[in-house]
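Me: I am new to this structure and would like to go through it with you. Could we begin with what surrounds one of the ligands?

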Amino acid sequence: MSQDNKKVTVETTGHVWDDDLQELNNPLPRWWIWGFYITFAFALVYWLFYPAWPIGNTYTKGIPGLNTITYVATKVDGTQETKTTHWNMRAKLMAEMNALRTEQKPYFDKVASKSFDEVSKDAELMQFVNSAGKTLFSDNCAACHQAGGQGKIKFAPNLTDDYWQYGGSYENIQTTITAGRHGVMPAFKTILSDQELSQVGSYVLSLSGEPNDTAAAKLGDAIFHGNKAGCYVCHGADAKGNIAMGSANLTDKIWLWPDVLGAKTPQDKLNEIKTLVYGGMDKGVMPVWGTRLSAEQIKLLTVYVHDSLGGGK
Ligand code: HEC
Ligand code: HEC
């Protein structure tokens, strides 16, 4: 520590410790003082207009009449009532939603009254379908099917391709969304030996031109079409699947549960198929939306998925 302690020239409080330790008494900077007064004034004005101080289990709501907000609330029994209340975030959101709903209603009515094809051919209405559909999709569907509808392997299917496990017509998609889907494939762990799993797995790989052991695939063909495993009963003799039960088409390069395209070696690809057939699959649950979205919203989403995400078929 340096010893050239100069005599302190600013004002002190007069307190001294250890002979030379003094407490200075500098005035607060002017800008700071003004900042303080301004925030104080702002807080007072804010307090008059907006909900501010908590008191017990309620809070001050601002001076009545200074800042009110009106919105239409739907009661549990479906009837509507107009409410006027002090300004608050929830009421503001309700009012904004009312405005949006009123603005959108004529368009939703149009979607509801037209056939799918008519909606699809109406360029102006399709602009609305695209924007409202995008919002509905990101609010309700994107968590599983991802923002662009591209899906995620081992989780939820891609909705942008031309392949539809449950059918890609407007009506099929509408049914899928309204009633949900739950594809179930039984486990074969007690039915097929490891060797048989390898054989039927090789056959499945051969169907979409993936590398496979040709001799094993030939034996797998017989297992697939035989009655012990009975794969053909659900997937069809041509292995192209059945949209009524959502048994997948095994002849294309589109996979939901086994990550065949992502697996590096032919052995990894085979293992992906074997694991699925061994354990079966019941995790594919598409939730029911008929109870959560209105019929018009579902119809609009159907057109959005079919036309805008692409790949209706
Ligand atoms: C909790 C996750 C989840 C959410 C949320 C979800 N889905 Fe799905 N969806 C799935 C799964 C999983 C499947 C596949 C079901 C199966 O494999 O049996 C599926 C299947 C589908 C299919 C059938 C695809 C085909 O190939 O036939 C459509 C269409 C679909 N979803 C649309 C939607 C729409 C529209 C929404 C939003 C309203 C939505 N999904 C919300 C998980 C979800
Ligand atoms: C009872 C009907 C049924 C039987 C029998 C059946 N499957 Fe499946 N399989 C399904 C269904 C349904 C799915 C779709 C599951 C889902 O997406 O949730 C499926 C999916 C698959 C998949 C995944 C396809 C993909 O794209 O993700 C493979 C591979 C498969 N099955 C192979 C087989 C083989 C091999 C056999 C015979 C050993 C077999 N299945 C027997 C109903 C069946």
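Me: Which residues come nearest to ligand 2?
Reply: Of the 28 residues around ligand 2, the nearest are Gln 165, Met 185, Cys 231, Cys 234 and His 235. Please keep in mind that this is a predicted model.

Me: Is His 235 buried or exposed?
Reply: His 235 counts as buried because its relative accessibility is 10%, and the cut-off for buried is under 20%.

Me: Which polar contacts does ligand 2 have with Gln 165, Gly 183 and His 235?
Reply: An N or O atom in the side chain of Gln 165 lies 2.7 Å from an oxygen atom of ligand 2. A polar backbone atom of Gly 183 is 3.3 Å from an oxygen atom of this ligand. In the case of His 235, an N or O atom of the side chain is 2.8 Å from a nitrogen atom of ligand 2.

Me: Which elements give two or more residues to the shell around ligand 2?
Reply: They are β7, α7 (194–207), α9, α10 (266–279) and β8. By residue type, the shell around ligand 2 divides into 21 nonpolar, seven polar and no charged residues.

Me: Let us turn to ligand 1. Which residues are closest to it?
Reply: Ligand 1 is surrounded by 23 residues, and the closest are Cys 141, Cys 144, His 145, Tyr 166 and Met 286.

Me: Which protein donors does the iron atom of ligand 1 have?
Reply: The donors are His 145 (NE2) and Met 286 (SD), which lie 2.0 to 2.2 Å from the iron atom of ligand 1. His 145 is in helix α5 and Met 286 in strand β8, so the pair ties together parts that are 141 residues apart in sequence. Both His 145 and Met 286 are buried.

Me: What geometry does the iron atom of ligand 1 have?
Reply: The iron site of ligand 1 is octahedral, and the angles among its six donor atoms run from 88 to 179°.

Me: What about polar contacts of ligand 1 with Gln 165, Tyr 166 and Gly 284?
Reply: A polar backbone atom of Gln 165 is 2.8 Å from an oxygen atom of ligand 1. With Tyr 166, an N or O atom of the side chain lies 2.5 Å from an oxygen atom of the ligand. A backbone N or O atom of Gly 284 is 3.3 Å from an oxygen atom of ligand 1.

Me: Which element gives the largest share of the shell around ligand 1?
Reply: The largest share, three residues, comes from β8. The elements that each supply at least two residues are α5 (142–145), α6 (170–179), β7 (181–185), β8 (281–286) and α11 (295–308). The shell around ligand 1 holds 16 nonpolar, seven polar and no charged residues.

Me: How is the protein divided into domains?
Reply: The assignment gives domain 1 (68–113), domain 2 (116–180 + 287–308) and domain 3 (184–286). Domains 2 and 3 each give at least three residues to the shell around ligand 1. The C-alpha centres of domain 1 and domain 3 are 51 Å apart.

Me: Where is Lys 121, and is it buried or exposed?
Reply: Lys 121 sits in helix α3 (residues 116–121). It counts as exposed, at 71% relative accessibility. Its C-alpha atom is separated by 83 Å from that of Val 10, 111 residues away along the chain.

Me: One last topic: what is phi at Gln 146 and Ala 239?
Reply: Gln 146 is not a glycine, yet its phi is positive, near 70°; this residue is in the loop between α5 and α6. Ala 239 also has a positive phi, about 60°, and is placed in the loop between α9 and α10. Ala 239 is buried, with a relative accessible area of 0%.

Note on methods
Residues numbered from 1 in each chain as written. Chains lettered and ligands numbered in written order. Predicted model: local features only at pLDDT ≥ 70, side-chain atom pairs only at ≥ 80, totals over all residues. Heavy atoms only, no water. Helix = DSSP H or I, 4+ residues; strand = E, 2+ residues; numbered from the N terminus. Buried < 20%, exposed > 50% of the residue type's maximum accessible area, 1.4 Å probe, protein only. Near = heavy atom within 4 Å. Polar contact = N/O pair within 3.5 Å; in protein donor to acceptor, adjacent residues only side chain to side chain. Nonpolar A, V, L, I, M, F, W, Y, C, P; charged D, E, K, R; others polar. Domains from an automatic or database assignment. Donors = N, O, S within 2.8 Å, 3.2 Å for Na, K, Ca; no water. Tetrahedral: all angles 85-135°; square planar, octahedral: opposite > 155°, others 65-115°.
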